[in-house]
Amino acid sequence: MSDARDEFDLALKPTWCPGCGDFGILSAVKDALTTLAISPHEALVVSGIGCGSKLPDYMHANGFMTLHGRPLAVATGAKLANHALHVIVVDGDGDAYGIGGNHFIHTVRRNPDITHIVEDNQIYALTKGQYSPTTPQGKVTTTSPEGAIERPVNPVALALAMGATFVARGFAGEPHHLSGLIQLAIRHPGYALVDVLQPCVVFNRAQSYDWYRQRIYKLEETGHDARDPAAAGTVAREWEERIPIGVIYAEEGVPAYEAQLPALQPGPLTARAGPSATRFEQLIARFR
Amino acid sequence: MTSDLSIRIGGDAGQGIESAGAALARAFARSGLHVFATQDYRSRIRGGHNFYQVRAAQAAVEAQRDPPEVLLAFTRETVDIHIDRLAPGAGILYDASLPVDAGALHARGLAPMPVPLTKIAADHGSRVMTNIAGLGALAGVVGFPLARIDAVLREEFAAKGPEVVRPNLAVAEAARRYAATTYPDFVHRVPRGDARPRLLLHGNHALALGAVAAGCRFIAAYPMTPATTILEYMAAIGAEEGIVAKHAEDEIAAVCMAIGAGFAGARAMTATSGGGFSLMAEALGLAGMAEVPVVIVDVQRGGPSTGLPTRTEQADLLFAIHASQGEFPRIVLAPGTVPECFEAGWRAFNLADRYQCPVIVLSDLYLAGSLVTVEPVSLDWASVEVDRGELIDGGALDPDADGYRRFAITESGISPRALPGSPAAVYAAPSDEHTEDGHITEEIHNRVAMMKKRMRKEDTALRNSIRGPARYGQESARITLVCWGSTLGAAREAAALLSADGEPAAVLHFPDLWPFPVEAATEALTSAGLAIGVEQNFTGQLAKLIRMMTGRQLDGRILAYDGRPFAPADIVQAVHRVLAGESDVHIEPGEQRLPAETEVGVNV
């Protein structure tokens with residue numbers, strides 16, 4: 001980890017539970033930005049609602065803590081208004097894959113230059129332990145007393161199916177590795193998903209740090225070709241026995257959404273005033 | 001020669017009713033006539049009866065007028081549906097091949113004028129030009145120079161090349177000649193225009209132009225009748241004007257994108273109808289809490305739920321004022337005319353920036369889609385003011401200072417706003433309650449101070465920016481019609497008719513509905529005589545609001561919720577019922593109203 005990340009530090013103490021995976025994710029986000037030499041005023045961290053979505057409150061950077069499920073839409077608007085900002089979305093599995101599922105699908109296929117970090121703890125934690133879209137089948141929670149019936153969402157496979165150009169999975173217990181993934185995601189010129197396996201030490205004791213440590217392996221150590229869609233599809237479906245972390249898929253050469261908008265060619269919208277009198281007169285003249 | 005002529009064109013969807021009507025409206029406007037043109041259509045693409053009504057007058061008009069003096073019928077059904085709703089001596093132009101009983105029309109005092117429209121179209125061009133033949137015949141009987149219509153057709157078909165233009169013009173001329181020589185004595189003639197150049201546009205385009213003039217750079221929306229033309233217009237000019245027009249995946253995304261863009265510092269908006277606005281309710285509160293300027297246009301249509309997708313209504317007023325949980329400042333505007341749509345289009349952005357809150361503009365289908373002539377001066381660029389409020393240059397802030405307090409507590413409630421992107425202006429905006437520097441807290445003193453700060457913005461807006469009701473007509477009038485939104489046009493004309501008939505009447509119109517201008521409303525209603533609410537909803541929402549905010553109960557309410565716009569005559573008739581002792585008049589389908597559909601259960 002880099003040493004110079006105090007630029008992003010705040011004196012504020014996070015309200016997360018001791019041992020929460022969010023600490024590792026916060027540390028990785030700050031480290032990635034520092035390593036890439038992005039300053040707090042050049043980044044915009046947009047979150048939803050949930051434990052992990054409090055992250056922007058605990059770091060010094062432009063931030064917007066929005067509504068449950070809506071950070072991708074808010075972030076898209078902000079990115080289109082000022083594409084000079086490095087826009088990072090941080091939200092949980094309920095936020096991204098449940099209530100915000102429609103925005104997730106469409107943001108993936110839209111491909112704006114946004115880094116999407118999902119703190120995937122497979123539980124609704126801030127509401128104290130209900131099953132989430134990524135909760136394993138059979139898990140007993142307060143809203144699934146007989147065990148969860150639905151099959152869990154596989155976020156990385158879903159993103160691939162929607163044509164994602166960058167899909168990675170990290171582990172909150174390995175912040176250094178996670179920082180590397182976030183750096184790649186930020187550098188990727190398009191939508192980049194980093195699904196982060198995150199233990200919830202209070203409401204999801206089954207998927208503990210140890211449980212993950214026994215199963216995860218690093219794709220970069222296996223010779224996995226992240227440019228190969230077929231290979232990506234195969235590793236995306238691995239779970240239970242062996243869980244891959246690292247870059248699952250990275251496609252180069254696809255322009256970001258905003259790079260294809262003629263209206264943005266002269267620069268960010270925020271820097272521009274309205275039309276001149278002459279220009280406006282030309283618009284009006286079409287109604288004669 | 002009449003000074004005010006109304007023409008109704010009816011037929012099946014797909015027969016080119018709308019394009020013929022719009023071409024006629026534009027040709028009239030270019031001759032210097034004042035025009036009001038509106039379409040009556042259904043939620044379907046092909047088949048089913050549609051009609052278009054064009055009113056041409058020598059004086060300014062702001063509503064449609066019934067009954068019309070001319071009916072151009074492309075189907076037998078059109079004749080049947082409209083026969084009882086035409087002016088005495090009205091002419092009915094129809095295709096000679098239709099099985100219409102001319103004798104029966106004569107017997108009703110109408111003037112049947114069959115013209116072989118389909119045959120003329122086929123002989124000089126092709127059968128698909130039957131609507132053009134109709135326009136030619138119309139020009140012939142009402143004495144309107146065909147050259148004006150030709151010029152419009154040339155422009156419309158220009159992209160298709162001369163081989164399309166030529167036969168269309170030939171068809172129009174042949175039909176004109178036939179009609180003019182066969183029916184030279186038709187009494188209802190088109191008035192002569194003053195040849196002054198005017199603009200012809202509908203409320204949605206006026207509102208979009210206002211937004212463009214204000215420097216709106218971002219719109220995200222999801223298609224929904226009758227708001228769609230706003231997004232379409234912005235998309236059409238987006239590339240050349242440097243405006244991002246984003247068709248979002250749903251209305252929640254649309255408003256959230258607009259809020260994101262507004263947060264980043266672009267002037268941003270969304271446009272929808274009631275159903276989409278319902279989906280936006282939660283995000284409205286986000287803009288209120290995070291103090292993000294955003295403009296939300298709700299072009300109302302008949303509700304509830306999917307309701308009447310292609311019909312007009314004004315039933316979202318109380319919803320717009322109250323939508324979203326909790327309490328936060330918001331501003332609600334409701335333009336009444338096309339020029340007011342333009343003004344609301346730019347003014348909404350100033351208010352959003354000045355008070356750092358959501359601004360809702362309520363329009364409706366009738367206002368949004370009716371083409372009206374307006375003087376160029378009412379859409380004048382020079383009249384547009386751009387006020388970005390207390391927007392400060394983040395670069396000028398002292399980076400060594402204690403930290404930027406984005407939500408600083410001030411007397412006005414407005415906190416100086418720096419945009420993200422400057423080292424000294426770094427902050428996070430939460431949808432949670434927060435401190436002055438934007439950190440989440442539930443601390444009791446902070447909560448109370450922040451609520452007061454935010455809500456103070458409504459008082460400040462009320463003091464400095466909100467307009468009281470506008471009075472049209474005499475101060476001492478015995479009757480005052482109290483209305484909002486697009487009812488203004490019909491109400492003003494109704495007041496003039498009543499006054500001419502010995503019942504002095506005025507109109508009180510509320511252009512700004514929230515924060516409610518309590519003092520101005522109270523004062524205006526004190527001298528209102530018999531105050532009668534005129535609204536297109538069931539429950540009298542403005543009347544309720546007035547009572548809630550001023551304690552004044554209106555003396556009568558005229559309410560329509562059939563999805564059809566008020567015609568001035570509807571209001572006059574209803575006022576007489578109020579004068580006769582009824583306090584609530586619910587407009588029933590009757591002679592003055594537009595025809596009830598003969599078909600049931602076909603709308604989607």
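How many of the 14 residues of H10(B) are buried? The count is 14 of the 14, so H10(B) is largely enclosed by the rest of the structure. Here, a residue is called buried if 20 or more other C-beta atoms lie within 10 Å of its own, exposed if 12 or fewer, and partly exposed in between, with C-beta atoms placed from the backbone. Helices (H or I, at least four residues) and strands (E, at least two) are DSSP runs, numbered from the N terminus.

Before going on, a few ground rules. This is a predicted model, where local features need pLDDT of at least 70 and side-chain atom pairs count only at pLDDT 80 or more, while totals for chains, interfaces and linings use all residues. Residues are numbered from 1 along each chain as its sequence is written, and chains are lettered from A and ligands numbered from 1 in the order in which they are written.

## Helices of chain B

Back to H10(B). From its first C-alpha to its last, H10(B) reaches 20 Å, close to the 20 Å expected at 1.5 Å a residue; the expected span is 1.5 Å times one less than the number of residues. After H10(B) comes Gly265(B), with a positive phi near 120 degrees.

H1(B), which covers residues 17–30, also has 14 residues and reaches 20 Å, close to the 20 Å expected. In H1(B), 11 of the 14 residues are buried, so this helix too is largely enclosed by the rest of the structure. Among the buried ones are Ile17(B), Phe28(B), Arg26(B) and Arg30(B). Gly32(B) follows H1(B), and its phi is positive, near 95 degrees.

H8(B), residues 203–213, is mostly covered, with 11 of its 11 residues buried. Those include Asn204(B), His205(B) and Val212(B). Just after H8(B), Gly215(B) has a positive phi of about 90 degrees.

## Where the chains meet

What touches what between the two chains? In total, 48 residues of chain A are in contact with 56 residues of chain B, where contact means that the C-beta atoms, placed from the backbone, lie within 7 Å. On the chain A side, E2 (62–65), H2 (71–81), H4 (101–110) and H9 each supply at least two residues. H2(A) brings the largest share, 8 residues. By class, that side of chain A has 28 nonpolar, 14 polar and 6 charged residues. For the classes, Ala, Val, Leu, Ile, Met, Phe, Trp, Tyr, Cys and Pro count as nonpolar, Asp, Glu, Lys and Arg as charged, and the others, Gly among them, as polar.

Strands join in as well: E2(A) pairs with E17(B), residues 428–430, in the parallel sense over 3 bridges. Strands pair if DSSP finds at least two bridges between them. Met65(A) stands opposite Pro430(B).

Phe287(A) sits in the segment after H9(A). This residue is buried, with 20 other C-beta atoms within 10 Å. Leaving aside neighbours within four places in sequence, Phe287(A) is in contact with Leu199(B), Leu200(B), Leu201(B) and His205(B).

## The nonpolar core

A nonpolar core is a set of buried Ala, Val, Leu, Ile, Met, Phe, Trp, Tyr and Cys residues joined through C-beta atoms within 7 Å. The largest one has 277 residues, and Val35(B), Phe218(B) and Leu481(B) touch the most other members. H10(B) gives the most to this core, with 11 residues. Leaving aside neighbours within four places in sequence, the contacts of Phe218(B) include Gly77(A), Leu80(A), Val244(B) and Ala258(B).

Most residues other than glycine have a negative phi, and most peptide bonds are trans. Here are some exceptions from chain B:

| Residue(s) | Feature | Angle |
|---|---|---|
| Thr225(B) and Pro226(B) | cis peptide bond | omega about 0 degrees |
| Trp514(B) and Pro515(B) | cis peptide bond | omega about -5 degrees |
| Ala195(B) | positive phi, not a glycine | phi about 65 degrees |
| Ser324(B) | positive phi, not a glycine | phi near 90 degrees |

Pro226(B) is in the loop between E8(B) and H9(B), and Pro515(B) lies in the loop between E21(B) and H18(B). Ala195(B), in the loop between H7(B) and E7(B), is exposed, with 9 other C-beta atoms within 10 Å. Ser324(B) lies in the loop between H13(B) and E12(B) and is partly exposed, with 18 other C-beta atoms within 10 Å.
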